[in-house]
Amino acid sequence: MTFPREGGCQCGAIRYAVARPPTVIFACHCTACQRRSGSAFVVSLIVPDRDFRLTRGRLKPQTRTADSGATLTHWFCADCGTAILGMERGTAPQLYQTVRVGTLDDSTGLRPAVHVWTRSAQDWVAIPQGSHAFPENPPRPLLNYGQAPAS
Ligand SMILES: [Zn+2]
Ligand SMILES: [Zn+2]
């Protein structure tokens, strides 16, 4: 995994940079991610907030209430609708950003080590051998299943 890498939305109004390899990459097969993306699952990487930098534009928040009652905020480009960031994780000063891997200019080599909400995965999706796979949320925070050395 070579970093830094840059990314952005489809229309170019939003650009960002990720400075270092992510703490963890995961795929979420929950029905909310399926609906939001119009696809089978969403692949995201998690990096410390200090390693994520918005270099152009301003993201718009969208908030929903999860089944658990928690309020979850996602961030997208208001011009083209591309989803860029998922919910923030952790707490200050150790805050983490969840970045949609497909919005990077180059997403090669960014394979998810963790698959969550496999309970609602499409039945044609095969979870690769050796992955951490959980039927719902993992028992410990996602950050504990990291694949890259902490920076
Ligand atoms: Zn855009
Ligand atoms: Zn999800």
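This is a short tour of the model, stop by stop, with what to select and what you'll find there.

Before you click anything, note that this is a predicted model: local features need pLDDT of at least 70, side-chain atom pairs count only at pLDDT 80 or more, and totals for chains, interfaces and linings use all residues. Residues are numbered from 1 along each chain as its sequence is written, chains are lettered from A and ligands numbered from 1 in the order in which they are written, and side-chain values use heavy atoms, with hydrogens and water left out.

**Stop 1: the zinc ion (ligand 1)**

Select ligand 1 and show Cys 9, Cys 11, Cys 77 and Cys 80: their SG atoms coordinate this zinc ion at 2.3 to 2.4 Å. Donors here are N, O and S atoms within 2.8 Å of the metal (3.2 Å for Na, K and Ca), and water is not among the atoms, so sites may look incomplete. The angles among the four donor atoms run from 106 to 114°, which makes the site tetrahedral; for four donors, that label asks for all angles between 85 and 135 degrees. The ideal angle for four tetrahedral donors is 109.5 degrees.

Along the chain, the donors follow the spacing C-x1-C-x65-C-x2-C. Cys 11 sits in the loop between β1 (5–8) and β2 (15–18), and Cys 77 in the loop between β7 (71–76) and β8 (83–85), so the pair ties together parts that are 66 residues apart in sequence. Strands are DSSP runs (E, at least two residues) and helices are too (H or I, at least four), numbered from the N terminus.

Buried means under 20% relative accessible area, exposed over 50%, and partly exposed in between (1.4 Å probe, protein chains only).

**Stop 2: the zinc ion (ligand 2)**

Now select ligand 2. Its protein donors are the SG atoms of Cys 28, Cys 30 and Cys 33, lying 2.1 to 2.2 Å away. They follow the spacing C-x1-C-x2-C along the chain. Cys 30 is buried, with a relative accessible area of 12%, and Cys 33 is buried as well, at 14%.

**Stop 3: strand β3**

From Cys 28, step back along β3 (residues 24–28). Five of its five residues are buried, so the strand is largely enclosed by the rest of the structure. Look at both faces: Val 24, Phe 26 and Cys 28 are buried on one side, and Ile 25 and Ala 27 are buried on the other.

Next, look at what β3 pairs with (two strands pair if DSSP finds at least two bridges between them). It runs antiparallel to β4 over five bridges, and three bridges join it to β11 (residues 114–116) in the parallel sense.

**Stop 4: the nonpolar cores**

Show Tyr 16, Leu 45, Phe 52, Ile 84, Val 99 and Leu 110. These have the most contacts inside the largest nonpolar core, which has 17 residues. Such a core is a set of buried Ala, Val, Leu, Ile, Met, Phe, Trp, Tyr and Cys residues joined through side-chain atoms within 4.5 Å. β2, β4 (42–48) and β8 each supply at least two of its residues. Apart from it lies another core, of 14 residues, among them Cys 30, Val 114, Phe 134 and Leu 142.

**Stop 5: an open sheet and a hairpin**

Select β1, β2 and β5: they form an open, antiparallel sheet of three strands in the order β1-β2-β5. The edge strands are β1 and β5 (52–56), each pairing on one side only. β2 and β5 share four bridges, and Arg 15 has Arg 56 in β5 as its bridge partner.

Then move to β6 (residues 60–65), joined to β7 by six antiparallel bridges. The two strands form a hairpin with five residues between them, and Gly 69 in the turn has a positive phi of about 95°. Thr 65 stands opposite Thr 71 in β7.

**Last stop: two loops**

Pick Gly 38, in the loop between α1 (31–37) and β4; at 70% relative accessibility, this residue is exposed. Finish at Ser 131, in the loop between β11 and β12 (132–133). The C-alpha atoms of Ser 131 and Ala 83 are 25 Å apart.

Definitions and conventions
Tetrahedral: all angles 85-135°; square planar, octahedral: opposite > 155°, others 65-115°.
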